[in-house]
Amino acid sequence: MSQFRVAGKGRVDTGRPVTFTFDGKSYKGVQGDTVASALLANGVHLMGRSFKYHRPRGAVAAGSEEPNALVGTRRGKGRFEPNTRATVQEIWQGLETTSQNKYPSLKWDIGAVNDAAYMLFSAGFYYKTFMWPKNFWHKVYEPFIRAAAGLGVSPTEEDPDHYASRYLHCDVLIVGAGPSGLAAARAAAVDGLKVVLVDENPEAGGTLLSEPQAQIDGKPAWDWLAAEVEALKGLGVRIMTRTTAIGYYHQNMIGMVEKLTDHLPELPADTPRERMWRVRAGQVVLAQGALEKPLVFHGNDRPGVMLAGSAQTYLNRYGVLVGKKPVVLTAHDSAWYAAFDLADAGARVQAIVDTRDTVREDLLAAAQDRGIKVKLAHTATGTTGRLRVNSLRVNPVKGGTVGDGYTIACDAVLMSGGWTPSLHLFSHTKGSLTWDDDLTTFLPKDTPEDCVIAGASRGLWGIEAVLNDGAEKGREVAAALGKAPATMAYAVEADRPGTGTTHKELPTDRSPGKAKAFVDYQNDVTAKDLRLAVREGMRSIEHVKRYTTNGMATDQGKMSNINGLNIAADALGKKQPQVGLTTFRPPYTPTSFGAFAGYHRGEHFEVTRKTQIDGWAEENGAVFEPVGQWRRAWYFPKAGEDMDAAVRRECVATRKSLGIFDASTLGKIEVKGPDAVEFMNRMYTNPWTKLAPGRCRYGLLCGDDGFIRDDGVIGRLSDDCFHVTTTTGGAARVLNMMEDYLQTEWPDLNVWLTSTTEQWSTVALNGPNAAKLLGGLVEGVELTDETFPHMSCVECTVAGMPARLFRISFTGEIGFEVNVPAPMGRKLWETLWEAGQQYGICAYGTETMHVLRAEKGYIIVGQDTDGTVTPYDAGMGWAVGKNKPDFVGMRGLARPDLVAPGRKQLVGLLTDDQSRLEEGAQIVFDPNQPVPMKMVGHVTSSYHSDAVGRPIALALVEGGHDKMGETVHIPMPDRTIAAKITSTIFVDPENARLKI
Amino acid sequence: MLLIHCPYCEETLPEAEFTYAGQAHVIRPENPSGQTDDQWEEFLFIRANPKGPHYERWRHFHGCGRFFNAVRDTVSDKFLTTYKAGAPRPDLSSLTEGLK
Amino acid sequence: MNAPISSFTPSVLAESAVARVSLAAPCARLSLRARGDLAPLNAALGLTLPTRIGQRAQSGESQALCLGPDEWMLHAPETLAAGMQAACDEVYGTLPHSLVDVSGREVTFVLDGPRAVDLLTLGMPRNPDSIAVGEGRRINFDGVTVLLWRDGETAFRMDVWHSFAPHLLHLLGTGVAELAAEAA
């Protein structure tokens, strides 16, 4: 057995040794150990270096509040986690751990030079030290800070683990499975109430795990605990361990993170590493207990200096003596019991040093029985020992005067500055706090949530008191849920009542300017830093916090907040409640990104919508691009083709013969009802009354501000039914907008909207041979200019499939869009593909579609418009109904700004040097004006055009419609390009090609 | 995440089923073309930004699909009430009475 | 997964000892919108349209789920769809309404097994207890709008638009395996 393991103590299984490594060296622990308890069992206190000064540090606590003992853990490729608290990481066979913030080794660290240069790193050093000279910032200061800053190292490989999340609904959620939480669960588990009891530790019990001496209702604490856990399970209480309540959100929603595999030597299949629980509880009981505070004195951070309660936990829960010659330094009774437990386990307690003048007689007697020296009315003024404490310097204090110091040799200092109720989650609820002068701490007062707080987290002390309080609170919440639970009372023998006093930093006979009395261990903030902050003008505790970084480390000030407040209040000459407490924010303990991401990573990061034809595109080598949530075929390169070559080939083939395009992603809305036409008249800028069934019209949708929102071709299928299409990305937005107007402005209209986007697969055929191909496959209509002219629609049959056929063109060629029920989409596509081989049919993607439409000057909403473009700006005044009484956007179009001259208007651009412009490039009128130039517009679309024989572009230009033929300039990094303003229609302005 | 009572479904449900839809009781004029520029500006752009009870619209998007109105306290983030579209604006004093 | 969900034959898609996800056979799906006195439509459809959101009605193999104050989803055997359409068209003059065939729009996943309810908690923010057996709701599942029909304590149907189906199936499949590992 390891040197510091005590036979017969602890809840660990000494019959099951576990080997792990720390900084490459192998250590033996036992099943049930944490990294910290196992290292301490081996006599290792030095576990890390501090963040700023690189001072040697050891574990100061035994739980999740640990600020110092942060390690990296590794489990093969990709599974590396920095900043894991050694006090909570359970060991397993083969676990690899490493210390942090050290180079080249933990024992010999170069960064420790910072410790000697500590004058540079005092409060606010970020703001002061690195300010001058200015040009040093990039070259010297920033690289230095970046090299020195940060805890641990970020993982560099992709995390192979799986993370999960679930929602959970319960009547009562109890946070903390210590005595008060257990009692609350017992009381609340009545009459079918769904009760969930959650604890961050691997097992329930809380403080009972560290106090086996107690006798609860006549049973030894651990026997009582085991029986109680079984009883609760029998009552249907769900007990969730290794699960941390990280945040308390509105209306009793609590975020919890469950760790499922970090303690296991083998990773089970299909099991997530962590799971985020989003819990909605009817009532919440917060029973998070209290956290012990350190005492603030010079050298209080040396490895071996730790909290007395934690030493008691290491002994009673893990069977580990943290030292064989400890000295106890305390301001609270609780540490006396720690001293007794260690003495009874074989440690030679060197002394109990108490800052108070008087202490309870029974404690003095118990110390005397064990032969422990007692020093009352003493302060501590220093420690020695390079990598481990070997002496504590103490001084008597009389009438406020610090007397001569002397040293006590030791191998550990067990300190207690009293206890702070854990108010973190309570504070998340925006609960109000009240200052308690006797306890010198904040206690919970009111909360807007359905929440009560129980036990030590509301300032109670002793197992009997918190058990009975828990039971009372459990009854309270059950009653609030309409139940009538029985009352319960617990009697505890060998309980350990206690009180204490609270300090700012301990008085010293040293120069306070030289003292390194740490308040926040993780951020290396000392009492001196806090006083300096106040001296330099910080008045608000929030400013003091930010200036010094006190409480801003990953432990979120669990140990340092109240000590920091006491010191700041003293420096300000105010009472603590006048200074106030900084805000606790979620998460309660550091939480992995994986837990927040849950399932939403990799392929499941977000929805990727695919059409029914997507598979064909993939099999035929398509390159895809995302459009909204959809992925769409972008272009179809043949062997050796780059994007430009593929797109040019697709464009030429379509204009020459026949192109086929998957347009299924277009939004589709069925507008149906007696008032359908009235609704369309009010919604779209165009007039619809005279559109006959069987005909289509291009529709333009504006907002009430007059700006273009969306567009699409709309077919009237019957008097009362319109088939509306929208842009791919705008489908959901447009339907929402229409529903908004219909439900709230025009509820009297008898018309309904149904999304049919996914009801239909839509295949577009374009090119001189489109009608020839389709004509042989269509039943129910003859495809001639007379029987089915451009802008017609019909319900018919295509290749035996029920179809809605539209004769429309987004290319300027003869064009059709065939809609068939979605699942038939691929069959339709393949049928057309086969039949189209005789015409050299060419599949094209969105890029070719963009080029072909730009050649015709058809806009893409969101590319050629940006939310500030009116139909008139876009040159589409023809789409605005002039004789309608109203439509959405009509009044907006008459706004002063929208009718003023000088608006940016959509025009075509042809570059003088025939170069292709960059989309987004800014435009100026005078290229010789001084910088900054007046920008008068930008390029919205730009492509190479084979049909035109040169690159073409669309652009928004100030007053562009009146500047046809004029030259504008596009300054680029290397040169300025001149371009002529032209019409937006580059190909076939007479629309001759639309004729069959 | 808030809990929101849908006045159509008559159920109190997680916020994730709902979408926000701006200030309530902003009524589109019967005859927009008869509006002055100032009136139209008021309708389009000018919104209350109260610290306290705010009349606003929500839509039960992943549910019944209805737009409805609500009064939410922007300080506490609590809903004081929700009511159907078209129902009159509830009296604030009756809503804030029972509050802490 | 490349092939669209509609190309799958109805079968079990994911299964473990505790939960199962299968694809239901295709059926006719009609979105019905109407308000006022529903008697003519009730007569045309041969069932009484429920008027409380979440309620269902059934007649033979046809089912109706009330989704909103003026909205229902009708499921029926594919062979009956045309007849239902025609019958409703008959009463359009007396009770104008909107009946839209959305059979091609979506697929149905059948979720069952002892932990089917827990499977839903992977993506559903709402309390599963709020949907009684024999009812249904339109809900948010992993950010996607779906219809959920509760056919039994641990038996559900989930109607999903095609393009969202692979995404949700991925999550459901993960959950089916995860729940089994948890039970092991």
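This is a predicted model: local features need pLDDT of at least 70, side-chain atom pairs count only at pLDDT 80 or more; totals for chains, interfaces and linings use all residues.

Colleague: Let us begin with chain B and chain C. What makes the link between Arg126(C) and Glu17(B) a salt bridge?

Modeller: The rule asks for a side-chain nitrogen of Lys or Arg within 4 Å of a carboxyl oxygen of Asp or Glu. The side chains of Arg126(C) and Glu17(B) have an N to O distance of 3.1 Å, so the pair meets the cut-off of 4 Å. Across the interface of chain B and chain C, the rule finds four salt bridges. By class, the side of chain B that touches chain C holds eight nonpolar, three polar and three charged residues.

Colleague: How many residues does each chain bring to that contact?

Modeller: Chain B brings 14 residues and chain C brings 17 residues. A residue is counted here if heavy atoms lie within 4.5 Å.

Colleague: And how is the size of such an interface expressed?

Modeller: It is often given as the accessible area lost when the parts come together. For chain B and chain C that comes to about 1,100 Å², with 50% of it on carbon and sulfur atoms. On the chain B side, Glu11(B), His62(B) and Arg66(B) lose the most area to chain C, and together they make up 40% of what that side buries. As for polar contacts, six residue pairs are counted between chain B and chain C, both residues being at pLDDT 80 or more.

Colleague: What does chain B itself look like in terms of elements?

Modeller: Chain B has two helices and six strands. From the N terminus on, their order is β-β-β-α-β-β-β-α. The C-alpha atoms of chain B fill a box of roughly 40 × 30 × 20 Å along the principal axes.

Colleague: Now for chain C and chain A. Why does the pair Arg166(A) and Glu182(C) count as a salt bridge?

Modeller: The same test applies: a nitrogen of Lys or Arg has to be within 4 Å of a carboxyl oxygen of Asp or Glu. For Arg166(A) and Glu182(C) the N to O distance is 2.7 Å, so the label follows from the rule. The count between chain C and chain A is four salt bridges. The interface also has 30 residue pairs in polar contact, both at pLDDT 80 or more.

Colleague: Which elements of chain C supply residues to the side that touches chain A?

Modeller: Strand 3 (28-33), strand 7 (98-101) and helix 4 (165-183) of chain C each supply at least two residues. Helix 4 of chain C gives the most, with nine residues. By class, that side of chain C has 19 nonpolar, 15 polar and 11 charged residues.

Colleague: And what are the residue numbers and the buried area for chain C and chain A?

Modeller: The contact takes 45 residues from chain C and 46 residues from chain A. Between them about 3,700 Å² is buried, of which carbon and sulfur atoms give 50%.

Colleague: What makes the meeting of His503(A) and Thr355(A) a polar contact?

Modeller: The cut-off between N or O atoms is 3.5 Å, with one atom able to donate a hydrogen and the other to accept it. The side chains of His503(A) and Thr355(A) are 2.7 Å apart in this contact, so the distance passes. His503(A) lies in the loop between strand 30 (492-493) and strand 31 (518-520) of chain A.

Colleague: Last one: what is the omega of the bond joining Pro586(A) and Pro587(A)?

Modeller: Omega is about -5° there, and the peptide bond is cis. Pro587(A) is in the loop between helix 15 (576-579) and helix 16 (593-597) of chain A.

Methods. Residues are numbered from 1 along each chain as its sequence is written. Chains are lettered from A and ligands numbered from 1 in the order in which they are written. Side-chain values use heavy atoms; hydrogens and water are left out. Buried area is the accessible area (1.4 Å probe) that two parts lose on being put together, summed over both. Ala, Val, Leu, Ile, Met, Phe, Trp, Tyr, Cys and Pro count as nonpolar, Asp, Glu, Lys and Arg as charged, and the others, Gly among them, as polar. Helices (H or I, at least four residues) and strands (E, at least two) are DSSP runs, numbered from the N terminus.
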